[in-house]
Amino acid sequence: MLNYNATIKREDSAVNLILTTGTNNYYICLTDDNPSEIKNVFNDLIIELKNGKFSFSLSDETQDLYFHICDEYIKQLNAEIADIFSQLKKYDLVEKVEN
Amino acid sequence: MGLAARVKEINDFKKKLIEFRKYLNSTPLFKELIENELFDILLETLDKVRDKIENGFEREFIKSNAIRLFNQLIAIFVTEISRKTGQPEKPTTTGFLNYARNRIEIEISLNKIIKSINHKFNPKAEFVGDLGKKGKLFCKTILVIEDGKIPRDSELKTVTGVNKTPQREVAKKFESILKDVYSQNLFEQISELNSIENSSTISSIEDLLLFKRFFEVNFVPYKPSNGESAMILLHQELSESKDIYLIDEPEKSLGNDYINDFIVPLLKKHAYSGKRVVIATHDANIAVRTLPYKSIYRAHAMNCYHTYMGNPFSNSLVCRTEDVDNLDWKETSMRTLEGGKEAFGERGKIYAEL
C-alpha cells in the first residue's frame, strides 16, 4: 500500500489541505464552501484508487485549529478510502493488482 | 463482507436449503432411488444444518442490527447536543464513502448494461425444406443488440417494435456516461440520456434487440417463388405430427414432380401410421396415389347437390341420402380429376397388388 503526503497550505486568502499522490496535487479548501471542488477531488481519488490502495499522512508542524481538523479528516478519509478500495476489488474494478 | 451482506447471504442460504428439502420430499423417485433409511438420514442432516444456520443467522442479525442501532444512537446524541448547545454538528464522515459508493454502483450498473449490449448471438439456421436440385432451404435468423454502431440503413428490424432512432441513441449514450462516471459531467450525461426523444420506450435490453430473417440456399440468401413458398409451408405442416390433417387443394401452385416426390409419400406415411388425412383435391396423383380409403364426390343436380361416397376398391360411388343411381368411381374420377392417365394407370397396378 502506498502512503502519500498531505500538507496544509496557509495563505491570507485561503487555507487548503493538499493531498499529494505522485505528481498530482488535490486541493481541499478549508476556508470556503465549494462542494463541486470536493466532488472533483473525490472523483480523482476513486480513479487513483483503481490503480492501487493508498493512504495519506499529514505532515504539518503548526499545532493550530487547521491541523487538528485536518488530522481528524485524514484519519476518517483513510478509513473510507480503505473501505472503498475493498469494494472496488470486490466488484473487479481495480485496474492494477495490489502489491 | 459487511455485516448486513453476511446476514443477507445467510438468509438466502437458509431459503435455498428449505427449498431443497421441500424438493426432496416432493420427488418420490429420489426417495425410491436412495432408499428410505438413507433418505431419512439426509433429511435429519439437513434439519441439523438448518438449525445451525438459524442460530448463526440470529447471531449475525443481532450483531448487524446492534451496530446499526448504536450508530443511530450516536447520530441522535450528536444531533440533540447540537440542538441544545446551538453549536453545529461535528461531521462524522468526510462524505467520500457515500459519494464513492454511489458512483461505484452506477459504474457496476453501466458495465452490466454495456456487457449485455456487446453480447453476440450466433445466427440460427432452421431447415425449411428441400428444393431438389437447387439445394436445401434454410430460414436464417440474425439477432443483434443495438450498440449504436449499426448503420441506419441496415435491414435489421426491431423485435419489440420500438423506433430505431431512440434505440441507437440510447445504446450509444451508455458508453459516454461510463466515460464520465467519475466526473462532474455525469448527471449532465444522464439528463441527456433522459432527454433523448422516446428514450422512455426503451426499458430493457430486450428493447435494443434487432433481427433479420431470410431464406438461404447453400449459404446464399434466396427468395423462394410463390410456388416454392407453398411447397415449404405444406411440407412443414405435413412434417409435424398431428392426429388429423385437413388439406385443401395441396396441388395449388405445386408441380407434379414435387407432389409425387414429397407430398404423396408424406401423406401415405401418415395414412399408414393411422392418422386421419382429409384432402380436398382436383389432382389425380393425390386422389389415386395416396390410396384413399374413402372418396367423397359432390355432384351438382337440378337445384341441389348430391353427395356420393365410395372407394377405388369397390369402384363405385353411392349417394345414401337420395334415390339416385350409383356412379362409376373410375369414370367419375377420370372426368373430374386433373392429372392424366398416368395416375390411373398406376392405380390399376396398385389395386391389382392389393
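In chain B of this predicted model, contacts were counted between residues with a separation of 6 or more, and residues 24 or more positions apart account for 60% of them. The corresponding analysis of chain A took contacts between residues at least 6 apart in sequence; 54% of these join residues at least 24 apart. Of the 354 residues of chain B, 15% count as buried. Chain A has 99 residues, of which 18% count as buried.

The secondary structure of chain B comprises 11 helices and 11 strands. Four of the strands make up an open sheet in the order E8-E9-E10-E11, and the pairing is antiparallel. Strand E8 (295–301) and strand E11 (327–328) of chain B stand at the edges. Each has a single partner strand, so one side of each is left without a neighbour in the sheet. Within this sheet, strand E9 (residues 304–311) and strand E10 (residues 316–319) of chain B run antiparallel and are joined by four bridges. Tyr308(B) has Cys319(B) in E10(B) as its bridge partner.

Chain A contains two helices and four strands. Along the sequence, the elements of chain A follow the pattern β-β-β-α-β-α. The four strands form an open sheet in the order E3-E2-E1-E4 (chain A), with mixed pairing. Strand E3 (24–29) and strand E4 (54–58) of chain A are the edge strands, and each pairs on one side only. On average, neighbouring strands of this sheet are turned by 30 degrees against each other, direction ignored. Strand E2 (residues 15–21) of chain A pairs with E3(A) in the antiparallel sense, over six bridges. Thr20(A) stands opposite Asn25(A) in E3(A).

The helices of chain A were examined against this sheet. H1(A) packs on the sheet and touches E2, E3 and E4 of chain A. The direction of H1(A) makes about 145 degrees with that of E3(A). H2(A) also packs on the sheet, where it touches strand E1 (2–10), E2 and E4 of chain A. The direction of H2(A) makes about 170 degrees with that of E4(A).

Contacts between the chains were considered next. In total, 18 residues of chain A are in contact with 14 residues of chain B. On the side of chain A that touches chain B, helix H1 (35–49) and H2 each supply at least two residues. By class, this side of chain A has 10 nonpolar, five polar and three charged residues.

One helix pair spans the two chains. Two packed helices are described by the angle between their axes and the distance between the axes. Helix H2 (residues 65–90) of chain A packs with helix H4 (residues 96–117) of chain B at an angle of about 15 degrees. The axes of H2(A) and H4(B) lie 9 Å apart. Angles under 35 degrees count as roughly parallel, and H2(A) and H4(B) are therefore roughly parallel to each other. The crossing in which H2(A) passes H4(B) is right-handed. From H2(A), the contact is made by Leu77(A), Glu80(A), Asp83(A), Ile84(A), Gln87(A) and Leu88(A). From H4(B), Phe96(B), Leu97(B), Ala100(B), Arg101(B) and Ile104(B) take part. The contact of H2(A) with H4(B) has seven nonpolar, one polar and three charged residues by class.

Conventions. Residues numbered from 1 in each chain as written. Chains lettered and ligands numbered in written order. Predicted model: local features only at pLDDT ≥ 70, side-chain atom pairs only at ≥ 80, totals over all residues. Axes fitted to C-alpha atoms, helices over the stretch in contact; angles between N-to-C directions. Parallel < 35°, antiparallel > 145°, perpendicular 65-115°, else oblique. Left-handed = near helix turned anticlockwise from the far one by under 90°. Contact = placed C-beta atoms within 7 Å. Nonpolar A, V, L, I, M, F, W, Y, C, P; charged D, E, K, R; others polar. Buried ≥ 20, exposed ≤ 12 C-beta atoms within 10 Å, placed from the backbone. Pairing = 2+ DSSP bridges.
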